Amino acid sequence: MVRRILELEDGLADVGADEDTAFVQRLDNEAEAQQLSVHVDAPYFGAMVVRAGGKTSKLYLGRYPYYDKAGRYTVSDWRSPVGQLFYTQDTRWKKGEVHLKRQLDIKKRELVRVTDLYAREGVNEVSAREDVLLQRLGEGATGGMRDIVSTIQPEQDALIRHPGHRPLVIQGPAGSGKTSLLFHRIAFLAFDGRQEGALDPRNTLVLVPNRVLAGYARRVLPDLRIEGVQVVTPEDWMAEQLRLNVEVTDKTLTLLLGTAERELKRRAWLRAKALGDARMLDVLRAGIVRRYRESLGSERFESSVTVNFEEYTVGLDGPALSEILDDIAPRSLLSGLREAFVRRLVERGWQDLEALGVSDGAYRAAKSQLEYDAAKLMGRAFRAASPITEVRRLLREPGELAAAARGILSEARVKALLTPDPAAYLPSARTGSVDTLELPLMLAVKAITEGFGRKSASGARPYDHILVDEGQDLSPLLYRLLSDAAQAGSITVAGDINQGIHGYRAISFWTEALEQLRTSPDDQVHHLQRTYRSTRQIVGLASQVARSFARDEALEAVAVPRDGQQVSVLIRGSGADRAAAAVQDALKSGFANVGVILRHGRHAEALARALGERDVHAQVIDTQHKVYGGGVVVMPANLTKGLEFDAAIVVGADESSYPGDVEYETRLLYVAVTRGMHALWLIPDGELHPLLRPQVVGA
Ligand SMILES: Nc1ncnc2c1ncn2[C@@H]1O[C@H](COP(=O)(O)OP(=O)(O)OP(=O)(O)O)[C@@H](O)[C@H]1O
């Protein structure tokens with residue numbers, strides 16, 4: 001390959017013939033050299049001997065395909081149908097049979113290791129695959145998400161290749177490869193050899209819980225050769241759809257964590273649940289339609305066109321206009337009620353004009369007059385209120401809200417909805433803010449009135465595919481909106497119901513998401529159980545924490561058989577001394593990426609300063625606006641969601657940091673202790689958290 005690249009480059013300087021031919025030849029050579037250059041360091045990772053049509057041949061499998069013109073050195077794409085044979089336990093496919101599957105570990109042009117995954121002589125495929133995997137998992141973290149192309153496991157492969165237009169919901173414990181799987185799924189769906197047709201990555205949307213994770217995960221995209229994917233947080237996506245540039249608050253969470261008053265907390269919880277109910281879309285639509293209908297009652301639509309010096313007038317009275325409104329209201333959200341109303345009015349007006357004898361030749365002139373008059377009517381009757389104003393007005397006017405909600409929500413939900421906001425007394429940002437509970441409602445109003453979706457030259461269009469990471473934290477209402485924002489059934493959701501930290505405003509069970517996304521009764525939740533990130537010692541401890549709040553829906557994690565050092569608990573000395581000692585220990589053990597995880601972002605700076613005084617230099621990531629690029633960092637637990645480190649050091653591994661009776665806190669503790677790949681240090685202030693203490697069996 002190197003020789004060929006050199007040949008091509010030599011040729012670039014001097015290509016004979018006339019100038020046009022030379023130009024085309026040069027482009028060809030450049031393209032070939034470029035195609036080859038990505039292969040040089042590691043051209044393939046797998047080889048297979050297959051027998052098909054009476055012929056035995058050897059084929060290679062790589063990250064990028066390469067088709068040698070002479071046909072001697074062909075590398076097939078990992079996403080191709082033949083690629084799938086490599087990842088699964090299957091040895092037969094419709095065209096023939098596999099005789100050998102061999103893993104070739106190549107690093108920087110050197111063959112490091114050869115492992116036969118399957119040979120007819122009887123290698124145990126399962127254990128050989130495991131050996132390769134364990135080898136890979138023992139390697140260090142990279143500070144960004146890794147591509148797992150060469151070691152995709154059979155259970156992951158099946159999900160990556162799930163049909164693109166069928167909704168897919170994946171439940172998996174921390175470290176089971178959910179985020180990796182989502183990004184590899186985009187690469188698979190974008191593969192141009194797919195029978196269903198490749199999707200354009202620029203038309204896909206990936207939602208991740210925070211901006212730090214978005215940056216971390218985005219780094220795997222170039223390796224997978226996908227470009228233009230929009231990776232954002234749900235809040236940022238909603239704000240962008242609404243063209244809002246304000247701070248997003250979560251007052252309910254502040255209240256739930258900040259008050260001891262049970263009754264207040266109960267009311268805040270129930271109100272938040274009601275606002276996130278999927279049927280709120282119907283409530284809002286009913287409210288808007290009712291108001292529009294009331295205004296239309298006293299309106300009249302009239303439009304006149306002059307054809308051949310003769311004037312023709314059509315008109316519709318209030319009841320006829322309301323009928324049109326009722327007819328279009330239940331339609332798709334994408335285009336919006338306002339535009340659909342104008343379109344229908346124009347259609348209807350034209351029909352009436354035709355009935356009066358207006359000929360086809362006058363259509364264009366008539367249409368633009370009708371559009372003008374329809375827009376004028378709409379301006380009068382449907383006062384354009386921004387989604388923010390609309391939602392806030394509705395939430396302030398219990399009478400109107402109750403009238404819209406009756407018959408749609410249960411009495412209990414209506415009551416919860418009408419509860420004045422228990423968190424209203426909390427201060428808001430001076431520059432203006434919206435609350436995270438309001439955002440999906442505002443987006444719903446926008447969808448109902450103006451439409452929403454991916455922006456394109458011809459208006460809003462559905463996304464080719466939407467992928468959601470940490471999907472347990474989204475509300476049923478948002479799922480309902482997302483299912484309309486994507487092509488039918490083209491949505492993939494991954495998450496861990498045990499890592500859900502926003503129960504008050506999110507789904508409680510996966511079925512609540514599935515109900516909104518399902519296109520057939522066969523669509524079910526898929527479960528992952530194996531976890532790849534951490535050693536057995538770390539997974540054992542994390543499972544202990546998870547058991548305190550585990551849902552039946554989530555299977556307990558099973559660690560791959562990889563051992564590491566025991567989890568260390570540091571007791572003596574000041575918190576900063578112990579944290580500094582742990583970081584130094586980690587670095588000495590060869591761990592380059594070390595996460596010092598504490599409960600609150602507001603303490604991160606002080607801790608980093610204290611570490612600095614002890615000659616330990618750490619970057620602080622205390623807000624979503626900072627980028628994690630590897631090395632030693634101090635971070636609050638909530639921002640570490642989805643990230644991983646070689647070693648994690650949990651500072652404040654105690655009940656005063658994570659109160660045991662608040663599920664939000666114990667779930668956050670679970671997130672914190674599941675971030676380390678190879679080692680974990682616990683640094684409690686006082687006694688170790690009860691959930692982290694060694695369990696005494698049979699006591
Ligand atoms: N097939 C695989 N081969 C090699 N490494 C893998 C494989 N699957 C997952 N991993 C590794 O396991 C780790 C966890 O993966 P990932 O972050 O995708 O899991 P997750 O389920 O999203 O975790 P969390 O819920 O904690 O965010 C990563 O280091 C990833 O590279």
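1. Lysine 178 sits in helix H6; helices here are DSSP runs of H or I with at least four residues, strands are E runs of at least two, and both are numbered from the N terminus. The model is a predicted one, in which local features need pLDDT of at least 70 and side-chain atom pairs count only at pLDDT 80 or more, while totals for chains, interfaces and linings use all residues. Residue numbers start from 1 along each chain as its sequence is written.

2. Lysine 178 counts as buried because it has 23 C-beta neighbours inside 10 Å. The cut-offs are 20 or more other C-beta atoms within 10 Å of a residue's own for buried, 12 or fewer for exposed, and partly exposed in between, with C-beta atoms placed from the backbone. Leaving aside neighbours within four places in sequence, lysine 178 is in contact with Ile170, Gly172, Asp469, Ala494 and Gly495. Contact means that the C-beta atoms of two residues, placed from the backbone, lie within 7 Å.

3. Glycine 177 is in the loop between strand E7 (168-171) and H6. Glycine 177 is buried as well, because 22 C-beta neighbours lie inside 10 Å. Not counting residues up to four places away in sequence, glycine 177 touches Ile148, Gln156 and Tyr532.

4. Which residues are closest to the ligand? They are Ala174, Gly177, Lys178, Thr179 and Ser180, out of 23 residues that surround the ligand. A residue is taken as near a molecule if its C-beta atom, placed from the backbone, lies within 6 Å of it. Helix H4 (125-137) and helix H6 (178-189) each give at least two residues to this shell. By class the shell has six nonpolar, eleven polar and six charged residues. Here Ala, Val, Leu, Ile, Met, Phe, Trp, Tyr, Cys and Pro count as nonpolar, Asp, Glu, Lys and Arg as charged, and the others, Gly among them, as polar.

5. The UniProt record, an unreviewed entry, places the feature "binding site" at Gly172, Pro173, Ala174, Gly175, Ser176, Gly177, Lys178 and Thr179. UniProt positions are given in the numbering used here, feature names are shortened, and annotations may be inferred rather than shown by experiment.

6. The domain assignment of the protein chain lists domain 1 (2-37), domain 2 (46-137), domain 3 (158-247 + 454-529), domain 4 (287-381) and domain 5 (536-692). These bounds come from an automatic or database domain assignment. Between the C-alpha centres of domain 2 and domain 4 there are 63 Å.

7. Some totals for the protein chain follow. There are 24 helices and 26 strands, and the C-alpha trace spans about 85 × 80 × 45 Å along its principal axes. Of the 699 residues, 42% count as buried. Among contacts with a separation of 6 or more, 74% are between residues 24 or more positions apart.

8. Tryptophan 510 lies in helix H20 (residues 510-517). It counts as buried because it has 23 C-beta neighbours inside 10 Å. Apart from neighbours within four places in sequence, tryptophan 510 is in contact with Val169, Gln171, Ile497, Val525 and Glu553. Tryptophan 510 and arginine 599 are 89 residues apart in sequence and 28 Å apart in space, C-alpha to C-alpha.

9. The largest nonpolar core has 183 residues, and those with the most contacts inside it are Ala444, Ala579, Val583, Val596 and Ile649. Helix H18 (residues 438-449) supplies the largest share of this core, eight residues. Such a core is a set of buried Ala, Val, Leu, Ile, Met, Phe, Trp, Tyr and Cys residues joined through C-beta atoms within 7 Å. Valine 583 touches Val594, Val596, Leu611, Val616, Val632 and Ile649, not counting residues up to four places away in sequence.

10. Why is helix H24 (residues 663-673) largely enclosed by the rest of the structure? Eight of its eleven residues are buried. These are Thr666, Arg667, Leu668, Leu669, Tyr670, Val671, Ala672 and Val673. Their cover includes helix H21 (536-547), strand E22 (594-598), strand E25 (645-651) and strand E26 (676-683).

11. Lysine 108, in the loop between strand E5 (96-107) and strand E6 (110-119), has a positive phi of about 45° although it is not a glycine. Lysine 108 is exposed, with 8 other C-beta atoms within 10 Å. Phenylalanine 309, in the loop between strand E11 (300-307) and strand E12 (310-317), has a positive phi of about 65° and is not a glycine either. Phenylalanine 309 is exposed, with 5 other C-beta atoms within 10 Å.
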